[in-house]
2 protein chains.
Amino acid sequence: MPTTNLDETARQILAAASRRFLHYGYKKTTMSEIADDCNMSSGNLYRYFPSKLDIAEMFVRVLRGEQVDNLRTVLDAPGRSPAQKVRDFFLLKFKLAYERFHDKPKAFELSSELILERPKVALEWENAEGRVLGEILSEGNADGSFAIDDVPAITKILQNAAYRFTSPALFHESGDEVLAAELNGVIDLVLDGFAWRSAHGEQGKTASLGSRS
Amino acid sequence: MPTTNLDETARQILAAASRRFLHYGYKKTTMSEIADDCNMSSGNLYRYFPSKLDIAEMFVRVLRGEQVDNLRTVLDAPGRSPAQKVRDFFLLKFKLAYERFHDKPKAFELSSELILERPKVALEWENAEGRVLGEILSEGNADGSFAIDDVPAITKILQNAAYRFTSPALFHESGDEVLAAELNGVIDLVLDGFAWRSAHGEQGKTASLGSRS
DNA sequence: AGCCTGACTAATATATAAACTGTTCAATCG
DNA sequence: CGATTGAACAGTTTATATATTAGTCAGGCT
């Protein structure tokens, strides 16, 4: 959790802001309200955070920390093969995104607003999750399930392939189960790709069936 | 082209409307302006189209027709294997979307506005493109490159896996070449998945390396 | 008759004024 | 003297009034 770096007062401010962000959204909570909740003046908030947007950024960093911690449990699941963990990772990520979108809509709205002003936060989020996924892939390399030479590159490819199921744009279109089934279809296919590569090696350099241009 | 069904006058209206949609966008072109361009009264437009939104829908249908015709050329490319055609299909689709996003922004804006009111149009678009992709897959089945038992299902999976490169949400983040390279990475992997399946059969039923649950 | 017009209306959009909010900082407090 | 305040300012949001537009229809034109 990134909050451990924070002053006690800063944590209090963040907690008060988080409550209001979740209930009323970012734009509808005012600095004065946050200050009132903390029994201080609005001006004093600026001794602890440079701006309102920075409070929101810290709020999102906490959300991200929780989500990454959650995804990291996939790594330690006993009796699961690396390939199964790849599937677990994306299904859990989808489930977490889907649930947050539906029962914490204000948090989602806040993330979107923040990312418009601070795109770097989205990249950091993706990278943090990518690190977990990369560990799964490395584990597969170690036990011989996979034969991936460039783990970060393949991590990015997997994130790209699963993008549709991690962005809330389509959470309206279909239900939980339909989307999860489609995600499973994508994962089936990329895992078969891994299987092929681990049997034949040399991935990426020559595209097996359909060489480029 | 869907315009062949149309009355001569309707075509004239659609042409005038299209010019203004492309130049000024949907909301900034008025029915009176379209009528003036056609030397008729605004009321008369409603003899040919039920509403302004229906003119926009027809405009988007024409766009879609052009795009699908364009993608269909991939099917007839000589000397390309089915796997290469899968790659050609998605790279061309990406290029068309990327270019239209950048040099016909008003058309993109119009598509977005329309799809909010007429989501069915987006589904029809995806299905129309899916039919072309499905023909490529069937061709691969016929010549032995692929061994796909449920072509429509795999078509959907491929569209899902490539979604990130067909939705304009990320066209801001990276340049042309970076995105195309990432798309190629995804295609490499799914084609390797096809290679594995064509060598082993039984795709979908048992997920090769990482069986479900 | 069949096609077309253009004034009319309800609804939407734009422009303008009023209120509010993020942020600063000179003054106050402990 | 460091920590805190709250009035002041600039920028933005909201509320209100004005104007425009999508869509209708009773009549006119050919």
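Residues are numbered from 1 along each chain as its sequence is written, and chains are lettered from A and ligands numbered from 1 in the order in which they are written. Because the model is predicted, local features need pLDDT of at least 70 and side-chain atom pairs count only at pLDDT 80 or more, while totals for chains, interfaces and linings use all residues, and side-chain values use heavy atoms, with hydrogens and water left out.

The secondary structure of chain A consists of 9 helices and 0 strands, where helices (H or I, at least four residues) and strands (E, at least two) are DSSP runs numbered from the N terminus. The C-alpha trace of chain A spans about 65 × 40 × 35 Å along its principal axes. Of the 213 residues in chain A, 52% are buried, a class defined by under 20% relative accessible area, with exposed meaning over 50% and partly exposed lying in between (1.4 Å probe, protein chains only). Among contacts (heavy atoms within 4.5 Å) in chain A between residues at least 6 apart in sequence, 69% join residues at least 24 apart.

Chain A is divided into domain 1 (6-49) and domain 2 (52-200), with bounds that come from an automatic or database domain assignment. The contact draws on 15 residues from domain 1 of chain A and 14 residues from domain 2 of chain A, although the centres of the two domains, taken over C-alpha atoms, are separated by 31 Å. The area buried between these domains of chain A, namely the accessible area (1.4 Å probe) that two parts lose on being put together, summed over both, is about 1400 Å², and carbon and sulfur atoms give 78% of it. On the side of domain 1 of chain A that touches domain 2 of chain A, helix 1 (residues 8-24) of chain A gives the most, with 8 residues. Between domain 1 and domain 2 of chain A there are 0 salt bridges, this term denoting a side-chain nitrogen of Lys or Arg within 4 Å of a carboxyl oxygen of Asp or Glu.

In the loop between helix 1 and helix 2 (31-37) of chain A lies A:Thr29, which counts as buried because its relative accessibility is 0%. Leaving aside neighbours within four places in sequence, A:Thr29 is in contact with A:Arg20, A:Phe21, A:Tyr24, A:Ile34 and A:Lys52. In chain B, B:Val186 belongs to helix 9 (residues 176-200) and is likewise classed as buried, at 3% relative accessibility. Not counting residues up to four places away in sequence, B:Val186 touches A:Ile157, A:Asn160, A:Ala161, B:Ala161 and B:Phe165.

Over all chains, the count comes to 38 salt bridges. A:Glu33 and A:Arg20 meet through their side chains in one of them (3.9 Å, N to O); since A:Glu33 lies in helix 2 of chain A and A:Arg20 in helix 1 of chain A, the pair ties together parts that are 13 residues apart in sequence. In chain B, the closest N and O atoms of the salt bridge between B:Glu57 and B:Arg118 are 2.5 Å apart. B:Glu57 counts as buried at 14% relative accessibility, whereas B:Arg118 is partly exposed, with a relative accessible area of 22%. A network of salt bridges links A:Asp54, A:Glu57, A:Arg61, A:Arg64, A:Arg118 and A:Glu124.
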